[in-house]
Amino acid sequence: MPHDHHDHDHDHPHALLPPDPALRVKALESLLTQKGLIDPAALDAIIDTYENKIGPKNGAHVVARAWADPDFKHALLEDATAVVADLGFYGRQGEHIVVVENTPDVHNMIVCTLCSCYPWPLLGIPPAWYKSDAYRARAVREPRQVLAEFGLHLPEKTRVRVWDSTAEIRYLVLPMRPAGTDGLGLQALTDLVTRDSMVGTGLPLSPA
Amino acid sequence: MTQDTGFTQADMPPEPVFAQPWHAQIFALTVHLHEKGLFTWPDWAARFGATLARHGLARSLDGGDDYFVAWLETLESWLAEAALAHPDQLEALRAAWQAAYLSTPHGAPVHLPAGALADSCAS
């Protein structure tokens with residue numbers, strides 16, 4: 001943490017001074033609010049949405065349903081944007097969502113080499129590693145090495161395909177359904193789907 | 001792990017959605033301005049990507065604070081270009097916020113003095 005010198009709460013005659021970028025953000029908010037360009041309540045609502053309402057559980061629900069329902073899976077692979085919109089998962093930036101399916105022959109992983117484009121409605125805000133230079137550069141250059149660092153070692157015969165997200169197209173990986181899950185209901189299947197398995201840097205959990 | 005990429009996180013507790021409150025604020029501010037139609041998201045992504053690329057020349061960005069510093073810089077420069085927020089106004093307000101924090105007793109809510117905004121917007 002870059003601000004740990006402010007972590008203690010004693011010996012401070014004045015309020016804890018936020019880091020410089022935080023003060024710059026406050027300056028922006030003050031000015032834009034004063035100009036009527038932003039509504040502070042709308043900012044709070046956006047933060048609440050991304051902190052509490054949108055996250056990988058949305059994507060996990062979609063994946064589990066695709067595992068359980070062949071017709072749903074077919075429709076999802078054909079036109080994911082429409083299918084997930086029907087479930088109430090809209091892209092706020094008007095982007096298209098494309099679902100790419102893992103098979104024994106092909107393992108998909110997603111990256112955004114430009115910045116950090118990510119399927120927000122299905123996965124929420126990306127983790128720091130997804131936004132790091134290391135991942136953004138190396139996922140394309142040496143995907144197998146990156147996957148190995150995530151602890152994911154694929155069979156030699158499995159080809160790795162890397163999808164570079166853009167502002168217009170965001171990808172979601174449909175991982176393979178784990179073995180031993182035949183009798184499981186939708187909720188139990190959903191619980192096996194991890195965020196990383198939908199980015200392609202991990203696999204779903206195995207049933208206990 | 002052969003380097004400090006931080007990729008292996010299986011044993012780590014879940015990280016917060018936003019590591020710092022200001023990360024959340026600048027994110028929401030940008031999404032809000034986009035939704036009000038001030039710019040398209042592809043335009044934003046192109047500008048932001050260019051800032052990240054420029055910052056990444058000096059050192060490898062870790063996707064944490066440095067990522068949102070690049071984000072903030074992108075929005076500030078875009079708003080300056082669009083004549084919606086002059087850098088001098090923003091600097092005056094940043095200094096006013098800093099002064100407000102330094103002069104507010106610990107534990108009390110921090111407010112911008114009423115005059116600060118008027119002064120910065122008179123220019």
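How far apart do the C-alpha centres of domain 1 of chain A and domain 2 of chain A lie? I was working on a predicted model, and there I read a separation of 30 Å between these centres. The domain assignment that I used for chain A places domain 1 at 18-53 and domain 2 at 55-199, and the contact takes 5 residues from domain 1 of chain A and 6 residues from domain 2 of chain A.

I then looked up the area buried between these two domains of chain A, which is about 440 Å², with carbon and sulfur atoms giving 50% of it. By class, the side of domain 1 of chain A that touches domain 2 of chain A has 2 nonpolar, 2 polar and 1 charged residues.

Next I turned to chain B, for which the assignment gives domain 1 (16-85) and domain 2 (86-123), with C-alpha centres that lie 22 Å apart. Here 4 residues of domain 1 of chain B are in contact with 4 residues of domain 2 of chain B, and the two domains bury about 250 Å² between them, 74% of it on carbon and sulfur atoms. Glu76(B), Ala80(B) and Ala85(B) supply 96% of the area that domain 1 of chain B buries against domain 2 of chain B. Between these domains I counted 0 salt bridges.

Glu76(B) came up again when I looked between the chains, where Arg24(A) forms a salt bridge with Glu76(B), the closest N and O atoms being 2.7 Å apart. The count between chain B and chain A is 2 salt bridges, alongside 10 residue pairs in polar contact, both at pLDDT 80 or more. This contact takes 68 residues from chain B and 62 residues from chain A, and the area buried is about 5,700 Å², of which carbon and sulfur atoms give 68%.

Last, I checked the largest nonpolar core, which has 97 residues, and those touching the most other members include Leu28(A), Tyr135(A), Trp71(B) and Leu75(B). Leaving aside neighbours within four places in sequence, I found Leu75(B) in contact with residues including Leu28(A), Ile26(B) and Trp44(B).

Definitions and conventions: Residues are numbered from 1 along each chain as its sequence is written. Chains are lettered from A and ligands numbered from 1 in the order in which they are written. This is a predicted model: local features need pLDDT of at least 70, side-chain atom pairs count only at pLDDT 80 or more; totals for chains, interfaces and linings use all residues. Side-chain values use heavy atoms; hydrogens and water are left out. Domain bounds come from an automatic or database domain assignment. Contact means heavy atoms within 4.5 Å. Buried area is the accessible area (1.4 Å probe) that two parts lose on being put together, summed over both. A salt bridge is a side-chain nitrogen of Lys or Arg within 4 Å of a carboxyl oxygen of Asp or Glu. A nonpolar core is a set of buried Ala, Val, Leu, Ile, Met, Phe, Trp, Tyr and Cys residues joined through side-chain atoms within 4.5 Å. Buried means under 20% relative accessible area, exposed over 50%, partly exposed in between (1.4 Å probe, protein chains only). A polar contact is a pair of N or O atoms within 3.5 Å; within protein, one must be able to donate a hydrogen and the other to accept it, and residues adjacent in sequence count only if both atoms are side-chain atoms. Ala, Val, Leu, Ile, Met, Phe, Trp, Tyr, Cys and Pro count as nonpolar, Asp, Glu, Lys and Arg as charged, and the others, Gly among them, as polar.
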